[in-house]
Amino acid sequence: MDYDMLVIGSGPSGRRAAVQSAKLGKSALVVDRGRRLGGVSVHTGTIPSKTLRETVLNLSGWRERGFYGRGYRVKQDISVGDLVERLHKTLDHEVEVLQHQFMRNTVKSARADVKFLGPNKVSLTTDTGDYSEVGFANALIAVGTRPHRPRDVPFDRTRIFDSDEMLELDRLPRTLTVIGAGVIGVEYATIFSALDVPVTLVEPRNSILDFVDREIVDDFIHQMRDRGMTIRLGSAVKEIRSKPDAAEVELTDGRTIRSEVVLYAAGRTGNVGSLGLDVVGIDADSRGRIKVDPQSFQTSVPNIYAAGDVIGFPSLASTSMEQGRVAACHAFGVPLPPPPETFPYGIYAVPEISTVGQSEEQVRESGAAYEVGVARFRETSRGHIMGVNTGFLKLLFSIETRRLLGAHIIGEGATELIHIGQAVINLGGTVDFFVNNTFNYPTLAEAYKIAGLDAWNRMGRG
C-alpha cells in the first residue's frame, strides 16, 4: 500500500508529523521498531528521567529540607522499586494517550525495521521475519538517538551503565560516578545526589552547559558542590575498569575515582545504521546526525525529511514536536508563518534550570547597551512559604529599546516560570510590562516584577 506520509519513529517529532498529516486529510503510516509506541522520549529519555526526578523529590522530601534540615526524609529507605512503580504507571499512560491519538486521527502504525529501497519505497521487516514493501510520497526520518558507547568502555550493566540502562538498576548505588556533564549527565547526577548518594561528576572540558548564561551555571555548580557533590572539570578519562567490588575511573591527570556504579553519559548517536540511507543518497555524520534545511527540514532528497534528535541541536522534545509539524506542512504545501526567534530550554536537574532568549554573554558580544534585573526566590513571600533558600531569576533588557532580551532561571519551578519571559520576548514587551502589571501574590512568578523593578530603577523611566 502507498501512503502520503511515511514516518519512521514514533517519538515527539514523528507522532506530531503523522497527526499533522492526518489533519490535512493525508494518509499516514508510523513505523517503529520498539515494543511500544512513543520512542526514546517516552521509554528511555524525557518522560522516564523527569518521572524519576519527580519521584525522588517527593519521596526524599528534598523540597521541604529548607524548613526541616538536610536530614529530613519523607520515606526513610527509598528503593528502586519505589522509583520504578511510578515510572511504569506514567509510561503506560503516555502510550495509551498516544495510541488513542493515532486512532482518533486514523494514523496507521506498524512495528518493524525499515530500510530504504528508493526515494519512494521502503521495506518493512518484523521481528518474526515477515517482509513487506510500502510506497510513499513523502517520508520523515525521526529515528532519534541512542547513548554513545565507545568500544573501550566496558559496559556490563553491573558496574558500568549508559543512560538508557540506568533505569534498570536493581538497587540504589552507594556511590556513583557520572562521566559527561551535558544535560543528561547533570540531570542524573543531581537526581541521585538528591537521594543522598555521593556523586562525582567528571567532565573533560573546563566548563559545562555552554549554551546557558554563565551566572546561572556558576550558581548551579556552587549548589552542587554545596551539597557534597564532587565536580572534576577539565578531567579527561584515560580508562574505565569494572572490578568485582567497584568500578574504577582513571583520569589522565593520574587520579583514580572508585565508586560502586559508573554512568557513562558522554554524547548520543543517531539511530540511522540500518535505514539504508546510502540507497537514496542521504549522508549522516560520524555521530549519525542528518543534515537538513533549517526552515523546511528537508534532507538532500526533497521528499524525505528528518526531524528531532537525529538532526542534532537542540535535541529537545518540545522543539522536535514543532520540527515534525513544520516538516509535514511543508511536504503538503501548507504555508506557515516564520517561527518565533526564541524558544525555551529546560534542564530538569535538581535544581531546575530554564532559559529563553539571549544570555548576558551574547548580549555583551552584540555590543548593545543593556541592563540586568535580578530577583532571588528567597526574597518572595512564596519562596519563604515554600522554604526555598536558593534560586533566582535574571532578566536582560536593552537600554535603547527597553525590550526584554533574555530570561534565565535556576530554582524551583524554573521550567514553568520561563514561559512568562518567553511570551514577553516574542511579543516585543519591555521592562515597563513587569513594572506596571500585577502578579498573583504570593507566587514565585512575582519574581518577574521584582527583577523588572531592579532593572527599571537603574534604567529610569526612559
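User: What makes a contact a salt bridge in this predicted model?

Analyst: A salt bridge is called when a side-chain nitrogen of Lys or Arg lies within 4 Å of a carboxyl oxygen of Asp or Glu. The structure is a predicted model, and by this rule the count comes to 31 salt bridges.

User: Why is the pair of aspartate 245 and arginine 258 called a salt bridge?

Analyst: Their side chains meet at 3.3 Å, N to O. The cut-off is 4 Å, so the pair qualifies. Aspartate 245 lies in the loop between β12 (237–242) and β13 (247–251), and arginine 258 in strand β14 (residues 256–259), so the pair ties together parts that are 13 residues apart in sequence. Both residues belong to a network of salt bridges that also includes Lys238, Glu239 and Arg241.

User: Why is aspartate 245 called exposed, and why is arginine 258 called partly exposed?

Analyst: Exposed means over 50% relative accessible area. Aspartate 245 has 53%, so it is exposed. Arginine 258 has 47%, which lies between the limits of 20% and 50%, so it is partly exposed.

User: How do you know that aspartate 162 is buried, and what does its side chain meet?

Analyst: Its relative accessible area is 4%, under the 20% limit, so aspartate 162 is buried. The side chain meets that of arginine 149 in a salt bridge at 2.7 Å, N to O. Aspartate 162 lies in strand β8 (residues 160–162) and arginine 149 in the loop between β7 (145–147) and β8. Arginine 149, at 40%, counts as partly exposed.

User: Which parts does the salt bridge between arginine 458 and glutamate 371 tie together?

Analyst: The closest N and O atoms are 3.2 Å apart. Arginine 458 lies in helix α14 (residues 447–459) and glutamate 371 in strand β20, so the pair links parts 87 residues apart in sequence. Glutamate 371 has 18% relative accessible area, under 20%, so it is buried. Arginine 458, at 46%, is partly exposed.

User: Why are β18 and β20 called edge strands?

Analyst: The open sheet has five strands in the order β18-β19-β22-β21-β20, with antiparallel pairing. β18 (345–347) and β20 (370–376) each pair on one side only.

User: How do you know that β19 and β22 pair?

Analyst: Pairing needs at least two bridges. Five bridges join β19 (residues 353–357) to β22 (residues 404–410), so the two strands pair. Isoleucine 353, for instance, has isoleucine 410 in β22 as its bridge partner.

User: Which helix lies across this part of the sheet?

Analyst: Helix α7 (residues 214–226) lies across β19, β21 (392–398) and β22, running at about 5° to β22.

Conventions:
Residues numbered from 1 in each chain as written. Predicted model: local features only at pLDDT ≥ 70, side-chain atom pairs only at ≥ 80, totals over all residues. Heavy atoms only, no water. Helix = DSSP H or I, 4+ residues; strand = E, 2+ residues; numbered from the N terminus. Contact = heavy atoms within 4.5 Å. Axes fitted to C-alpha atoms, helices over the stretch in contact; angles between N-to-C directions. Buried < 20%, exposed > 50% of the residue type's maximum accessible area, 1.4 Å probe, protein only.
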